[in-house]
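The sequence and the structure come first.

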Amino acid sequence: MAVVIRLLGLPFIAGPVDIRHFFTGLTIPDGGVHIIGGEIGEAFIIFATDEDARRAISRSGGFIKDSSVELFLSSKAEMQKTIEMKRTDRVGRGRPGSGTSGVDSLSNFIESVKEEASNSGYGSSINQDAGFHTNGTGHGNLR
């Protein structure tokens with residue numbers, strides 16, 4: 001029976017290979033490492049047996065990439081809920097609850113910058129004859 005362990009404190013630079021190395025000698029099935037990341041350096045690891053999970057928990061306080069990690073018994077339900085929340089967070093980076101994807105938010109941002117630039121006179125015909133060269137010096141004597 002597969003058992004899920006929650007890992008906290010994983011450094012940003014660590015990857016699945018580092019996690020598997022930390023748990024050398026324990027069986028983690030293919031696809032059994034799920035890195036969430038975030039401020040708390042969260043990951044979920046699925047172990048093949050109860051015994052492997054018990055031995056994994058005993059490694060709490062150990063180091064991955066010079067960072068101390070803490071291990072807790074978890075569940076597939078908690079793992080799936082956390083993964084889904086992270087996925088939703090990554091997709092909806094617009095206003096909370098706006099439902100816009102990160103790509104849509106970027107497109108909206110670019111359009112708003114273009115609109116702001118055109119309204120400010122940069123690149124528009126409004127200020128082309130304002131009395132200044134493109135290098136910022138005046139046409140005439142502006143004392």
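In which sense do β1 and β3 pair, and over how many bridges? The two strands are antiparallel and share five bridges; strands count as paired if DSSP finds at least two bridges between them. The model is predicted, so local features need pLDDT of at least 70 and side-chain atom pairs count only at pLDDT 80 or more, while totals for chains, interfaces and linings use all residues. Residues are numbered from 1 along each chain as its sequence is written, and side-chain values use heavy atoms, with hydrogens and water left out.

**Fold**

The chain has four helices and six strands, in the order β-α-β-β-α-β-β-β-α-α along the sequence. Helices (H or I, at least four residues) and strands (E, at least two) are DSSP runs, numbered from the N terminus. Of contacts (heavy atoms within 4.5 Å) between residues at least 6 apart in sequence, 61% join residues at least 24 apart. Buried residues (under 20% relative accessible area; exposed is over 50%, partly exposed in between; 1.4 Å probe, protein chains only) make up 27% of the 143 residues.

**Strand β3**

Four residues lie between the strands of the β2 and β3 hairpin, where G38 has a positive phi near 75°. Six of the six residues of β3 are buried, so the strand is largely enclosed by the rest of the structure. One face carries E42, F44 and I46, the other A43, I45 and F47.

**Cores and aromatic rings**

A nonpolar core is a set of buried Ala, Val, Leu, Ile, Met, Phe, Trp, Tyr and Cys residues joined through side-chain atoms within 4.5 Å. The largest has 19 residues, among which L7, L10, I19, F23, I45, F47 and I64 touch the most other members. Two or more of its residues come from each of β1 (3-8), α1 (16-22), β3 (42-47) and α2 (50-57). A second, separate core of five residues includes V4, I36, F44 and M79.

Beyond its neighbours within four places in sequence, F23 contacts L7, I28, I45, F47, A56, R59 and L71. Rings of Phe, Tyr and Trp (its six-membered ring) pair if their centres lie within 6.5 Å, with planes under 30 degrees apart stacked, over 60 edge-to-face and the rest tilted. There are two such pairs. The centres of F22 and F23 are 4.9 Å apart and their planes lie at 80°, so this pair is edge-to-face. F23 and F47 are likewise edge-to-face, with centres 5.0 Å apart and planes at 80°. This second pair joins the loop between α1 and β2 (33-37) to β3, 24 residues apart.

**Salt bridges**

A salt bridge is a side-chain nitrogen of Lys or Arg within 4 Å of a carboxyl oxygen of Asp or Glu. Five are counted, including these three.

| Pair | N to O distance |
|---|---|
| R6 and E42 | 2.7 Å |
| K65 and D18 | 3.8 Å |
| R87 and E84 | 3.3 Å |

R6 is in β1 and E42 in β3, so their pair ties together parts 36 residues apart in sequence. E42 is buried at 8% relative accessibility. R87 and E84 both lie in helix α3 (residues 76-91), three residues apart, about one turn of the helix.
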